[in-house]
Amino acid sequence: MESLLYKGRIICCFLFLCCSCFAKDYRDTALWLELFSPKAAAMGEIPLADDPLAALWNPTGLLELKGDKLSFLCKQSPLSIGTYAFAWGRNSLSIGALSWGSSQIAFDSFGNSLGDAKVEGRALFLGKALQLHRNLSCGISLLVCDQDLAGKFDRGGSISLALAGNWGQWKLGLGARDIIGKLGEDPLETKVGLRVTYHLEELTVAAQWQRQHLHLGGEYAASPNVRLRLGGIFGDTPNYFWGIGLVQSGWQLDFAWRLHSHLPREFTAGGGYLF
């Protein structure tokens with residue numbers, strides 16, 4: 001037990017130092033609201049994941065953890081120079097860190113330039129999943145952060161909850177992200193999503209309804225080592241996604257691309273290693 005706690009402290013310090021080093025210039029100020037793994041992103045940002053980073057979007061997915069796993073994520077988009085996250089998980093528990101920021105021109109409501117609005121921030125998060133019943137599970141995640149917005153320093157945090165039920169090949173999920181959340185004096189918007197998943201041996205299809213948007217996605221196992229993914233978000237403006245996953249000897253690599261209707265492509269890469 002003592003060796004496990006020691007290992008956890010070392011990994012936690014390593015994660016936070018990594019994110020501190022990478023915290024340069026980005027654009028997403030409340031990034032954990034929109035950050036998804038490459039697997040989830042490629043499937044229309046439907047939060048299906050089985051790695052430690054699942055604590056950020058679907059903590060019930062932490063029940064899929066077997067042994068020790070270290071995961072990382074890098075996101076590049078036309079709205080950011082880069083976003084980085086790292087996490088370590090073991091047996092339905094995970095701890096991790098992420099960094100974000102921006103250096104962009106701010107505008108008022110009339111379109112007049114207000115100058116450069118530089119943002120830098122870091123966060124630590126903790127997630128835990130529990131098996132409530134043979135077919136029912138729940139998860140909770142806690143996040144604390146600090147942010148520097150053009151010289152204004154704020155601290156904040158949030159709590160997210162998720163429920164999931166399994167009935168054969170069907171899975172139903174309900175998630176509420178940032179149900180208690182605040183950054184400085186500003187409350188964070190709560191996001192509630194309802195998800196349905198149907199899983200076969202080689203094919204997984206999923207749908208999610210969130211904030212008046214329909215998310216659709218699917219994954220096909222082309223071979224034991226290759227996963228192909230497609231997805232889309234349909235609302236006021238449709239967005240389309242595609243990606244690939246590679247698995248080999250304990251290593252997992254995932255890549256996803258997002259095609260915006262009026263912006264350049266967005267790219268997300270991630271991976272992990274199972275000890």
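The points below take up the aromatic pairs in turn.

1. This is a predicted model, in which local features need pLDDT of at least 70, side-chain atom pairs count only at pLDDT 80 or more, and totals for chains, interfaces and linings use all residues. Residues are numbered from 1 along each chain as its sequence is written, and side-chain values use heavy atoms, with hydrogens and water left out.

2. Searching the whole structure gives six aromatic pairs, where rings of Phe, Tyr and Trp (its six-membered ring) pair if their centres lie within 6.5 Å, and planes under 30 degrees apart count as stacked, over 60 as edge-to-face and the rest as tilted. Among them, tryptophan 170 and tyrosine 198 have ring centres 4.7 Å apart and planes at 50°, so this pair is tilted.

3. That pair links distant parts of the chain, since tryptophan 170 lies in strand β7 (residues 170-183) and tyrosine 198 in strand β9 (residues 191-199), 28 residues apart; strands (E, at least two residues) are DSSP runs, numbered from the N terminus. Tryptophan 170, at 48% relative accessibility, counts as partly exposed, as does tyrosine 198 at 25%; buried means under 20% relative accessible area, exposed over 50% and partly exposed in between (1.4 Å probe, protein chains only).

4. The rings of tryptophan 257 and phenylalanine 267 have centres 5.4 Å apart and planes at 45°, so they too form a tilted pair. Here strand β14 (residues 251-259) holds tryptophan 257 and strand β15 (residues 266-274) holds phenylalanine 267, ten residues apart. Tryptophan 257 is partly exposed at 28%, and phenylalanine 267 is partly exposed at 29%.

5. Finally, one aromatic cluster is formed by Trp251, Tyr273 and Phe275.

Methods
Helices (H or I, at least four residues) and strands (E, at least two) are DSSP runs, numbered from the N terminus.
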